[in-house]
Amino acid sequence: MKSRLHLRLQGSAATILLLTTLLLGGCGASGRFHRPDAALPAAYRGDGSAASMADTSVALLPYNRFFRDSTLVGLVDRAVEGNLDLQVALKNIDYARQTLNSARLGVLPEVSLGVSASSSRPSDNGLNAVTSGDKTVEAFTASGRASWEVDIWGRIRSRRKSALASYLKTAEAARAVRTRLVADVADTYYSLLLFDAQLESSRRNLALADTTLTMIRLQYDAGLVTSLAVQQQDAARQSIALRVPELERQVAAAENALSILCGTMPASVRRGEPLFRTAIRDDLPAGVPAALLENRPDVKGAEMALRAAYQDVEAARSSLYPSITLTAEGGLNALRASDWFTTPGSLFGLVGGAVLQPVFQQGKLQALLRQAKIRNLQAELAFRQSVLRAVGEVSDALVALRKIQEGETIAARRAASLETAVSNASMLFKSGLATYLEVMQAEESALQAELELADIRRRHLSAMAELYRALGGGWR
């Protein structure tokens, strides 16, 4: 009777404690997160197109629609599927997901089951000596225990929100890796096309130098030029020939780099359209800078890091308030194994509650709160820096695209003029109206102009890919 009364009193106390907890439930310390004002400009520097002032942005296009070379799209597909850095980033998401799943269960009670059996014999001469009867004391227990921390101040909720923000941060980090990967594959592929074009140009000019050397040797045999002319033309030919193995090395290195980006062993890479037949797009709408907050994965990742830091502050602040814990335990207990599962005689139960208010923790709780606030300020500064960097990268890419376009127009005219000059110099030389030095100079200038034009075309294509990346394209 006394045991039942004791259980009834404990249950009443727990009920009162639970009602008090529910009444205090609206007093949570956790607040609402607000993204700081990034003070974004109305437009990017260097962007004067009317299309870019609209909300639309080329970043919204998937990469298989942005790139028009099917071979390049196939390489990007392989890289997205097999790149090892991207796979590591995806595994980081899986790791963070486990932390999030654990945090989501924080509002549920902890439940444990246990079975124990013991046998002891007190000393005959000790304080608990047994002087008669069976001196062996046995105990058999099978019980279950549940413990629940009432989240009045929002500490558990803040931890759950922090885990969610950290999980989303890893997802954005993986997207940032993917955007960089898409741009790197495109840039390396365009470099490969550049080396192909320069190699073809060098071999063509090498054949032209052979023809010129043959003509000079014929004139030397006829006594029209000296041996110096033959030697200088031969040296010019060797200079062109020297470029060929170096360009072949660069071709192999670019192919190896592309293979590694795709997660495969170094091997040859199939090409699509040659460099000067690859489509150029200069009408790329950049949209408004405010769109970077949603399109750039690194900016979104910095925001998620800031959200996590903010919730960590709320959790640290909540630790200064009292914690309320409800516990319940019940099961079977007996002094003899034969009575262990005899009911109701072996049944026992316990319900209780506890309120713990931290008073003095050697300054640890206050220090943790101050540290959390500092980390929150650091995360806010990192977020603002990521926004500044994103706007700067887009502005740089827009200016580069426009200036490279102007430079390519000039370089194309120069290369065409010098190509005509080579043809004219060759005919004049055959007619005796031009010297061999003029022919050599025209050929060397034409070769340099072709190599420079090919490099500018590669930079033009890479600038397109860089603008696409800077705007946040490639992860969709």
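Leaving aside neighbours within four places in sequence, Val185 is in contact (heavy atoms within 4.5 Å) with Leu72, Leu75, Val76, Ala79, Leu258 and Leu261. The model is predicted: local features need pLDDT of at least 70 and side-chain atom pairs pLDDT 80 or more, while totals for chains, interfaces and linings use all residues. Residues are numbered from 1 along each chain as its sequence is written, and side-chain values use heavy atoms, without hydrogens and water.

**Interior**
- Phe67 and Val185 have the most contacts inside the largest nonpolar core, which has 83 residues; such a core is a set of buried Ala, Val, Leu, Ile, Met, Phe, Trp, Tyr and Cys residues joined through side-chain atoms within 4.5 Å.
- Among the helices that each supply at least two residues of this core are α5 (155–221) and α9 (364–430).
- A second, separate core of 9 residues includes Ala89, Ile93, Ala96 and Ala171.

**Surface**
- Val107 lies in the loop between α4 (84–104) and β1 (110–120).
- Because its relative accessibility is 35%, Val107 counts as partly exposed, a class between buried (under 20% relative accessible area) and exposed (over 50%), with a 1.4 Å probe and protein chains only.

**Overall make-up**
- The protein chain has 10 helices and 4 strands, taken as DSSP runs (helices H or I, at least four residues; strands E, at least two) numbered from the N terminus.
- Of its 476 residues, 39% count as buried.
- Among contacts in the protein chain with a separation of 6 or more, 84% join residues 24 or more positions apart.
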